[in-house]
Amino acid sequence: MDASNQRLVEVRNLSVFYKINYRLIAAVDNVSLDLHKGKIQALIGESGCGKSTLGLALSRLLAEDRVRYSGEIRYKGVNLLSLSESEAEKFRGTEIANIFQEPMTCLNPVYKVGEQIAEAMYVSLQRRSLNGGDRAVSASQNDVNPSNVVNGKRGRMLSLLRRGSLYKVFSDQVDDLLDKVKLPDTKRVANMYPHELSGGMRQRVMIAMALAESPSLLVADEPTTALDVTTQAQILNLIRSLKEQYNMGVLIITHDLGVVGSVAERAAVMYAGKIVEEAPTDELFRNPLHPYTIGLMSSFPRERKDAFKLSTIPGSVPPLGSYPNGCRFHPRCVRAFAPCPKRVPETTEVSPDHRVACYLYG
Amino acid sequence: MNLLTMLKTQEQAVDKFARKGLVEVTDAVKHYPVKSDFVSKLLRKKRESVHALDGVSFSIYPKEIFAVVGESGSGKTTLGLAVLRLIELSSGKIVFGGDDISTLPENKLRKYRTMMQVVFQDPSSSLDNRMRVVDSITEPLIASGVKSKAERWTRAVEVMKDVGLDESQLNYFPRQFSGGQRQRISIARAIIQRPKFIVLDEPTSSLDVSIQSQILLLLQRLQRDYELSYLLITHNMVVAKYLSDRIAVMYLGRIVEIGSNVDITESAMHPYTRILISSVLQPGVYKDLSKLQIKGEIPSAVNLPVGCRFNSRCPYAREICHEKDPELRNIDGMHYVACHFAEEILKRGTTEE
């Protein structure tokens, strides 16, 4: 199939500015990225490089009074950035869903898990009926008819129904979702509070909530960073298999190069607000070109300590707003030369599908 | 010839002396009682407790980096705090430099405190935000009675250089530093008293990849220069493999396998160790995650499984594993493992991989 048909989201020259002390500071600077249907794209970077900002911008989750955008995020022919807040609301969650690093802070501690997932289902049905109604009807055919809850007496019902009874309305779908994320004993889990679950189970619940609206893009921001290694492997495996089932596009945002190799088809490396290199994962690991990518890979400890072999990148990531001129990596770069401090290097395609922004390859 | 054998026996004698542990922990047990409710009190039910440590024994030799690896909830942090007597053990013995310190009162313990230090995971919470760096770093000196301010300043300048920071930054506040630099400050504070032994509790987990490697190198260099012993607590097998001489793997308050770095990383015999190693994701190495054999998560430390503690998640578990708790038994040299089928698993593992 033609690659362009599979393109789900096209990010074009996106910049995200934060308003800090009456200045606009670009946390994401002129980034272009394609996300494909049924593919997992990784976004690699250290803290402060703008990777989370980019993830949040995709579903317009940033506080809009303190943020300015330029560029485009095209999704199904619509520029998400040009939408009004109420229009964006219809996309958020329904089309593009987010999961985050620390599931405990994303779940409401005083409601049972099942109720929270049911709420997500309720909201999704409500939105779908607003979006056009046809999908809401098809979703309602297979059960007692929760869409009546939504369509008929919408609004009034929400105030009448306590969340506990929302779970009763949607219990079959919620159990089904919990089963999809491989939680055992779904009825019991649905009746538990978040604090009764382990970290891995909580992340599974978060994923279930995201799936409640069967989104076509899942943005996972450091989904396994707070988890143990064995749990991490299980969650990553789950995300992979759900991607197949739902034919979703997935954007995994991570600082862990290890996660990338076993999960993502494509990877982009971000540094100080810019994508410095992008390639299919195999290609990126086999043939890293940007000095930053090379540095990241070689600072990953592999062997025993003999002879202090571990190499490092000197210095640390510059703080937001005090990025150096020219190539932003040049003060830390071992191969920096004359043009680097002067102008930002253009992104060039060195081989098909492998793009890098560095004067060494210009 | 005669001289040679003499030298050799002497060497062995020295070696034997050196092999005497700097820190020796015997049968450490720590149970945290769970708050019981009114009804169970009325019924005189036996009070439940969290078994954070359940009979842990090991020694750390001088100049050795000893890593303790395990998932969260395995008791590794409790162990680190207990060794320093920052928490009290329920039972067990801790010997430091030949002296039993497990029951020493606080005033007598002070002498030992200067010889053992700790670096925690998150430097932004282990440094006081309102104290200048110099005050944070030299506070241990005040505690141990260095009265001269000038001397404290020179010592602070020294350690700042040791950890790769500039002395001009001594009057800064922690917020003016990046995460990696803050971790350097906590390391400086740990080494200012020239200790013999440092507990490193996840020293690199909160840092970025490129910073992590800088800190690992720093720790390595300090260990060599000051002949330190480390107790490295980590969940990251890669860090343990890179830095340590010996590794102990903990699961639910017990050591399930202990041995030299090579024993553990190359011929691990406990299924849990093998799973930990195989769950490590390396950049550039594709791993088929669906083939991983681990199920579920670490069970609660209140209601421990009967028999082997790992039986609920073990792909090799058989009947005996649900009945009999395996002892930590010697395989060869320094390699001990607590599994009924260790040999078989090693054989099977190597043919499968």
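## A helix and a surface patch

B:Phe38 sits in helix α2 of chain B, which covers residues 38-42. Helices here are DSSP runs (H or I, at least four residues), numbered from the N terminus, and strands are DSSP runs too (E, at least two). The model is predicted: local features need pLDDT of at least 70, side-chain atom pairs count only at pLDDT 80 or more, and totals for chains, interfaces and linings use all residues. Residues are numbered from 1 along each chain as its sequence is written, chains are lettered from A and ligands numbered from 1 in the order in which they are written, and side-chain values use heavy atoms, with hydrogens and water left out.

Is B:Phe38 buried or exposed? B:Phe38 is exposed, with a relative accessible area of 61%. Exposed means over 50% relative accessible area, buried under 20%, and partly exposed in between (1.4 Å probe, protein chains only).

## Salt bridges in chain A

Over all chains, the structure holds 38 salt bridges. Each one is a side-chain nitrogen of Lys or Arg within 4 Å of a carboxyl oxygen of Asp or Glu. One of them pairs A:Arg12 with A:Asp34 at 2.9 Å, N to O. A:Arg12 is in strand β1 (residues 7-20) and A:Asp34 in strand β2 (residues 23-36), so the bridge ties together parts 22 residues apart in sequence. A:Arg12 is partly exposed at 25% relative accessibility, while A:Asp34 is buried at 15%.

A second pair is A:Arg60 and A:Glu64, also 2.9 Å from N to O. A:Arg60 is buried, at 6%. A:Glu64 is partly exposed, at 29%.

A:Lys180 is partly exposed at 27%, and A:Asp176 is partly exposed at 40%. Elsewhere, bridges with shared partners link A:Arg7, A:Glu10, A:Arg12, A:Asp34, A:Glu72 and A:Arg74 into one network.

## A buried alanine

Helix α10 of chain A (residues 186-190) includes A:Ala190. A:Ala190 is buried, at 1% relative accessibility. The C-alpha atoms of A:Ala190 and A:Asp175 are 7.4 Å apart, and the two residues are 15 residues apart along the chain.

## Enclosed spaces

Rolling a probe the size of a water molecule over the atoms shows where empty space is left. A cavity is a set of points, on a 1 Å grid over the protein atoms alone, where a 1.4 Å probe fits but cannot get out; lining residues have an atom within 4 Å of a point. A volume is the space filled by probe spheres set on the points. There are 4 cavities of 30 Å³ or more.

The largest cavity holds about 80 Å³. Its lining has 13 residues, with B:Pro271, B:Cys308, B:Cys314, B:Cys321 and B:Cys339 nearest its centre. By class, this lining has 10 nonpolar, 3 polar and no charged residues. Ala, Val, Leu, Ile, Met, Phe, Trp, Tyr, Cys and Pro count as nonpolar, Asp, Glu, Lys and Arg as charged, and the others, Gly among them, as polar.

The second largest cavity holds about 60 Å³. Its lining has 13 residues, and closest to its centre are A:Pro291, A:Cys327, A:Cys333, A:Cys340 and A:Cys358. This lining has 10 nonpolar, 2 polar and 1 charged residues.

Definitions and conventions. 1 Å grid on protein atoms, 1.4 Å probe; cavity = no way out; pocket = protein on both sides within 12 Å on 5 of 7 lines; lining within 4 Å.
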